[in-house]
Amino acid sequence: MRITIVPAGPQTSAATIRELLKKESNDLEVCGVYRDLAKVPEEFKSHDNFKALYGDIEDASSLELSGSDAVMTSTPPFLSGEDPFAKAEQVSRNVKDAVERAGGVQRLMLLSSLGAEFDEGVGEIKTNHIAEKIFRGTNVPEILFVRCAYFMENWTLFNAHTLRDTNPYFNSVITPLEFRIPMIAVQDIGSAFATGLLSTHAPPVKPYVFALHGPREYSPNDVRAAFCDTMKKRVTVKAIAKDKMADFFSTILPPSLVGIWVEMSSSFLPGGIASPGSDGVEKLDVVRGKVELEEAIRDAVETSL
């Protein structure tokens, strides 16, 4: 069986490859498609069941997925100021066409996001809505969309510089600080995709859409407690109010992206269009991961700080 991950560079793709390579099987070949083959992790290169392939999802002619039985794909964030919605449509069509050209692909899995059911009002999340709309029509027997919750590791990734401060703190656009939302560890994402890609059970519908959450919901206050416990020091949290989000995002994003990131962040707050329990949110089967927030924060701190 050949499973292809395209693109293979994102952390969620790497986590999926890592989980697949844990399987003891001489019949399994895991292929990772990279735009830069120099960035293939050493841990993968040395594995007999892994093969690195060149391919750029922005260049349709470079994608060759022949021989694949199952494919995992995702839409990476576009942060350089280009139109993220146009780019999402381009790369999704490129991968869709490559899957169909390959022939023989039985299962396609897309990493999507909570809020992807909305075509407006969710800012940057609309890139996932676009991807789902395009991949929905892929000519393969089985299609699964996995709508993932907020990545637990993002708390460290987006706040690494402030967490290294003499008086460490992190920023939170999730307010109030006691507000709990679904979160998921990247390790659990990798495990869920590995399980889905290898499964011999047909999903109940096409496409089958399900939500992927952690063991329970967490708040920014829970994140603060996890940082304090992991770092063995006092860590504070700086709440970014909704009316201050534009100023906050202006310091880290190109001007053309600020508005859609404000809209995305606001959409998940109490009363927002994609807030947990809001009327328009699709009722989906929820798969629960096993990794608690504390473990994910500890691993992210050890890796990033």
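This is a predicted model: local features need pLDDT of at least 70, side-chain atom pairs count only at pLDDT 80 or more; totals for chains, interfaces and linings use all residues.

Colleague: What makes Arg-35 exposed, and what makes Lys-87 buried?

Modeller: Arg-35 has a relative accessible area of 55%, and the cut-off for exposed is over 50%. Lys-87 comes out at 13%, and buried means under 20%.

Colleague: How do you know that Glu-58 and Arg-35 form a salt bridge?

Modeller: The rule asks for a side-chain nitrogen of Lys or Arg within 4 Å of a carboxyl oxygen of Asp or Glu. For Glu-58 and Arg-35 the N to O distance is 3.5 Å, so the pair qualifies. Glu-58 sits in the loop between strand E3 (50-54) and strand E4 (70-74), and Arg-35 in the loop between strand E2 (29-34) and helix H2 (42-45), 23 residues apart. Those element names come from DSSP runs numbered from the N terminus: helices are H or I with at least four residues, strands are E with at least two.

Colleague: What makes Lys-87 and Glu-58 a salt bridge?

Modeller: Their N to O distance is 2.7 Å, and the limit is 4 Å. Lys-87 lies in helix H3 (residues 84-102) and Glu-58 in the loop between E3 and E4, so this pair ties together parts 29 residues apart in sequence. Through shared partners, salt bridges join Arg-35, Asp-56, Glu-58 and Lys-87 into one network. By this rule the count is 19 salt bridges.

Colleague: And how do you know that Arg-147 and Glu-132 form a salt bridge?

Modeller: The closest N and O atoms are 2.8 Å apart, which is within 4 Å. Arg-147 is in strand E6 (residues 142-148) and Glu-132 in helix H4 (residues 126-135), so the pair ties together parts 15 residues apart in sequence. Arg-147 counts as buried at 2% relative accessibility, and Glu-132 is buried at 3%.

Colleague: Why is H4 called largely enclosed by the rest of the structure?

Modeller: Because eight of its 10 residues are buried. Among them are Thr-127, Asn-128 and His-129. The buried residues of H4 pack against E4, H3, E5 and E6.

Colleague: What makes a group of residues a nonpolar core?

Modeller: They must be buried Ala, Val, Leu, Ile, Met, Phe, Trp, Tyr or Cys residues joined through side-chain atoms within 4.5 Å. The largest such core has 35 residues, and Ile-5, Ile-17, Phe-50, Cys-148, Ile-189 and Leu-197 touch the most other members. Elements giving two or more residues include strand E1 (2-6), helix H1 (11-21) and strand E5 (107-113). Helix H7 gives the largest share, six residues. In soluble globular proteins, nonpolar side chains tend to be buried together.

Colleague: Which residues does Ile-5 contact, leaving aside neighbours within four places in sequence?

Modeller: Contact means heavy atoms within 4.5 Å. For Ile-5 the list includes Ser-13, Ile-17, Val-33, Met-72 and Leu-197.

Colleague: Why does Thr-12 count as buried?

Modeller: Thr-12 has 5% relative accessibility, and the cut-off is under 20%.

Colleague: What makes the whole chain as compact as a globular protein of its length?

Modeller: The chain has 11 helices and 13 strands. Its radius of gyration is 19 Å, close to the 19 Å that the globule rule gives for 305 residues, so it is that compact. The radius is taken over C-alpha atoms, and the rule is 2.2 Å times the number of residues to the power 0.38. Buried residues make up 54% of the 305.

Conventions. Residues are numbered from 1 along each chain as its sequence is written. Side-chain values use heavy atoms; hydrogens and water are left out. Buried means under 20% relative accessible area, exposed over 50%, partly exposed in between (1.4 Å probe, protein chains only).
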